[in-house]
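Dear colleague,

I am passing on the structure below, together with some notes on its aromatic side chains. Please read the notes with the structure open beside them.

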Amino acid sequence: MKTKLYFSYGMNTNPWEMYHRCPNSRAVGKALLPVYEFEFRTHANIKSNSNSQVEGVLWEITKTDEDMLDLLEGYPTYYTKRMVNVK
């Protein structure tokens, strides 16, 4: 089964919730996203900030898991995706 890496922040860092949303997912470990900051207004979001970093979890997910997350998050209307480098 082909997998990809997914950086999560906010509600998708909870292992129990992720297990129910994405049963094929596997937590790889904690991760830091440099030069971004976490913000919460009507929903969790990240935005560029050279003086900050976002703590999150790196997951290994399948295409089926990604599709489930897209549906949950309202992609591409409500949320967008982007490729980022994490530590």
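Does Tyr9 count as buried or exposed? At 17% relative accessibility, Tyr9 counts as buried, where buried means under 20% relative accessible area, exposed over 50% and partly exposed in between, with a 1.4 Å probe and protein chains only.

As to the source, this is a predicted model, in which local features need pLDDT of at least 70 and side-chain atom pairs count only at pLDDT 80 or more, while totals for chains, interfaces and linings use all residues. Residues are numbered from 1 along each chain as its sequence is written, and side-chain values use heavy atoms, with hydrogens and water left out.

The rings of Tyr9 and Phe38 have centres 6.0 Å apart and planes at 80°, so this pair is edge-to-face (rings of Phe, Tyr and Trp, the last by its six-membered ring, pair if their centres lie within 6.5 Å; planes under 30 degrees apart count as stacked, over 60 as edge-to-face and the rest as tilted). Phe38, at 40% relative accessibility, counts as partly exposed.

A search of the whole structure finds three aromatic pairs. In one of them, the ring centres of Phe7 and Tyr9 are 6.5 Å apart and the planes are at 35°, so that pair is tilted. Phe7 counts as buried, at 12% relative accessibility, and Phe7, Tyr9 and Phe38 form one aromatic cluster.
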